[in-house]
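Here are some notes on the model, set down as numbered points. They cover the contact between the chains and the packing of helices.

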Amino acid sequence: MNPEVPNPNRVLVIDDSESIHKLVIARLRPEGLEVFGEVDGERGIERAVADQPDLVLLDIGLPNVDGFEVCRRLKEHPATRGIPVIFLTGTADTESKVRGLDLGAVDYVTKPFDQVELRARVRAALRAKRLQDILEQQSHLDGLTGLWNRRYLDQRLESELNVARRYGRPLSLVLVDVDHFKRVNDDHGHLFGDIVLQGMAEGLRAYARRSDIVARYGGEEFAILLTDTNLRSAMYVSERLRASAENRHFEARTEIVSVTASFGVACTEDLAAELTPEALLKAADLALYASKDSGRNCVHLFRSGELILSTGNPHALGSEGG
Amino acid sequence: MGSIRSAYESDPDMLEIVREFASELPARVAKLEAHLAAGEMRELQTLAHQLKGAGGGYGFPQITELAASLEAALKQGAAAPVVKDRAIALCACLRDVVVPEAR
């Protein structure tokens with residue numbers, strides 16, 4: 001995603017008249033939007049779920065499912081709840097306007113519409129949507145490091161576990177804790193501590209894979225969710241992250257400080273217990289504490305109740321039960 | 001030869017779709033007349049509602065006005081002669097629309 005060249009906003013028109021689709025497309029052309037349409041309420045809902053438009057322009061008088069019901073269902077469905085809806089309809093009575101707005105629509109425009117007014121209302125709705133998207137994203141980010149925050153990780157852990165269960169795909173979780181962080185803070189001050197956390201975050205993000213979800217999980221603790229990844233692959237990633245942390249140095253006022261981190265890895269395939277977020281977190285946490293107990297700056301794996309020190313050697317995990 | 005022209009036919013963004021809309025009107029007239037003859041009032045109301053919404057947008061405020069008047073009569077369950085008169089007036093207007101030339 002390049003912020004300088006934003007993707008055009010996408011608008012879904014749900015109206016039973018093709019004449020209206022063509023008219024809206026022609027009249028919104030100056031806005032540089034991508035406009036597409038459906039003539040049926042049921043298919044309109046499916047299209048909104050699948051294509052995630054930034055705005056829905058919705059007629060009321062539709063065959064089968066009417067526009068009020070379409071709006072109600074769009075606002076109920078988690079995947080479409082955040083998409084603004086503007087009613088664009090020939091029905092002009094106050095009762096319908098109130099009903100439409102109370103169902104969660106942001107605006108109500110009557111047909112025949114004034115093109116200048118429609119464009120202004122569309123711009124206003126898209127502006128509000130953009131702010132809402134920013135807020136939504138910020139509520140999922142950690143302010144200090146720019147990584148995902150704990151709330152987001154917990155949400156994703158829950159949904160990725162569902163995927164893992166349903167499709168039998170492995171899901172791994174890595175917990176990372178900065179070693180002797182309290183000492184770093186005490187010796188060099190909290191500002192320096194913040195710089196260390198930011199550096200650690202940068203390293204984790206740089207050396208994790210694109211699909212990995214890297215979060216700040218607590219004070220000096222990080223968590224990484226690795227989708228479609230078995231224990232062995234999660235170990236490789238963790239070893240790479242551990243080495244990158246070890247090789248990163250921080251400049252304090254009078255000295256160069258190196259900071260290490262300890263790692264605990266768990267995978268759904270190697271969990272003896274039921275596949276719950278708590279069970280996976282607990283297993284990774286036990287592995288993390290094994291790393292702390294055996295001198296820090298190392299990676300431990302949780303496998304079927306056993307805690308195994310990773311040597312960074314792939315053959316160590318090669319034979320079953322080894 | 002018709003006499004009603006779209007207010008937007010000189011708008012290059014609109015010309016093509018106005019042409020399309022205007023050239024499809026005879027088919028709509030046929031539908032309106034068929035529903036009227038068969039006494040299919042719901043279908044007639046749907047057509048009137050659509051023409052009301054689209055007419056003005058394509059630069060034909062007369063269509064919107066006459067279609068709205070027909071829709072209102074049908075909604076209120078007006079007497080058959082009233083509905084018939086208004087439907088006939090709408091059809092006459094639609095027949096009068098000029099399809100603009102392509103540029």
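1. Two residues are in contact if their C-beta atoms, placed from the backbone, lie within 7 Å. On that basis, 14 residues of chain B are in contact with 12 residues of chain A. This is a predicted model, in which local features need pLDDT of at least 70, side-chain atom pairs count only at pLDDT 80 or more, and totals for chains, interfaces and linings use all residues. Residues are numbered from 1 along each chain as its sequence is written, and chains are lettered from A and ligands numbered from 1 in the order in which they are written.

2. On the side of chain B that touches chain A, α1 and α3 (41–55) each supply at least two residues (helices are DSSP runs of H or I, at least four residues, numbered from the N terminus). The most comes from α3(B), with six residues. By class, this side of chain B has five nonpolar, seven polar and two charged residues (Ala, Val, Leu, Ile, Met, Phe, Trp, Tyr, Cys and Pro count as nonpolar, Asp, Glu, Lys and Arg as charged, and the others, Gly among them, as polar).
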